[in-house]
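Biologist: Please take a close look at the charged pairs in this model. I would also like to hear what lies around them.

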Amino acid sequence: MAKFAIFFRFKPETIKALMERPSDRGAAVSKLCESAGARMDAYYLMFGEWDGMVIVDGADSKTAAAVSLAVSSSGALAQLSTHELLDHGEFVEALGRAGELTYSPP
């Protein structure tokens, strides 16, 4: 099973609504992940380019896409970016496979 990092940026009106009516968004995201057959590992809010990130475990790319699309369809986010995560062993395996390939530039 794969693991994904989903970064998100709230719309200003979403931040205003959260300030007026605080709620546990992590619980809502966890429930969504479980309904898709995955598990939320972590839900973080942060400063900087992104407002937060979610780590989703046990998902394949179609499941991660479905979760991302379901959240995007709410209209609460200005931007969302989903990335598959590789652990060290998977990365080493990818390096080995890459070493066996030959690419000819156009």
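Modeller: A search of the whole structure finds six salt bridges. In each, a side-chain nitrogen of Lys or Arg lies within 4 Å of a carboxyl oxygen of Asp or Glu. First, a word on the model itself. It is predicted, so local features need pLDDT of at least 70 and side-chain atom pairs pLDDT 80 or more, while totals for chains, interfaces and linings use all residues. Residues are numbered from 1 along each chain as its sequence is written, and side-chain values use heavy atoms, without hydrogens or water.

Start with Lys3 and Asp41. They form a salt bridge, and their closest N and O atoms are 2.6 Å apart. This pair links distant parts of the chain: Lys3 sits in strand S1 (residues 2–10), Asp41 sits in strand S2, and 38 residues separate them. Strands and helices here are DSSP runs, numbered from the N terminus: at least two residues of E for a strand, at least four of H or I for a helix. How exposed is Lys3? Lys3 is partly exposed, because its relative accessible area is 30%. Asp41 also counts as partly exposed, at 31%. The cut-offs are simple: buried is under 20%, exposed is over 50%, and partly exposed is in between, for a 1.4 Å probe and protein chains only.

Lys3 has other neighbours too. Not counting residues up to four places away in sequence, Lys3 touches Asp41, Ile55, Val56, Asp57, His83, Glu84 and Leu85. Touching, or contact, means heavy atoms within 4.5 Å. For a sense of scale, take Lys3 and Gly37. Their C-alpha atoms are 13 Å apart in space, and the two residues are 34 apart in sequence.

Next comes Arg9 with Glu49. This salt bridge has its closest N and O atoms 3.9 Å apart. Arg9 lies in S1 and Glu49 in the loop between S2 and S3, so the pair ties together parts that are 40 residues apart in sequence. Arg9 is partly exposed, with a relative accessibility of 22%. Glu49 is exposed, at 59%.

Where do Lys16 and Glu20 lie? Both are in helix H1 (residues 12–20), four residues apart, which is about one turn of the helix. Lys16 and Glu20 are exposed. Some salt bridges also share partners: Lys3, Arg39, Asp41 and Asp57 are joined into one network in this way.

Arg39 has Asp57 as its bridge partner in S3. Met40 stands opposite Val56 in S3. These positions belong to an antiparallel pairing: six bridges join S2 (residues 39–45) to S3 (residues 52–59). Two strands count as paired if DSSP finds at least two bridges between them. S2 and S3 form a hairpin with six residues between them, and Gly48 in the turn has a positive phi of about 115°.

S3 has another partner. S1 and S3 run antiparallel, and seven bridges join them. Ala5 is placed opposite Ile55 in S3. S3 itself is mostly covered, since eight of its eight residues are buried.

The largest nonpolar core has 15 residues, and Cys33, Val54 and Val56 have the most contacts inside it. Such a core is a set of buried Ala, Val, Leu, Ile, Met, Phe, Trp, Tyr and Cys residues, joined through side-chain atoms within 4.5 Å. S1, helix H2 (25–35), S3 and helix H3 (61–72) each supply at least two residues of this core. S1 gives the most, with five.

Leaving aside neighbours within four places in sequence, Cys33 is in contact with Ala38, Arg39, Met40, Val56 and Val67. Arg39 in that list is also a member of the salt-bridge network. Met40 and Val56 are the residues that stand opposite each other.

One last stop is Thr63, which lies in helix H3. Is Thr63 buried or exposed? Thr63 is buried, because its relative accessible area is 17%. Beyond its neighbours within four places in sequence, Thr63 is in contact with Ala36 and Ala38. Ala38 is also among the contacts of Cys33.
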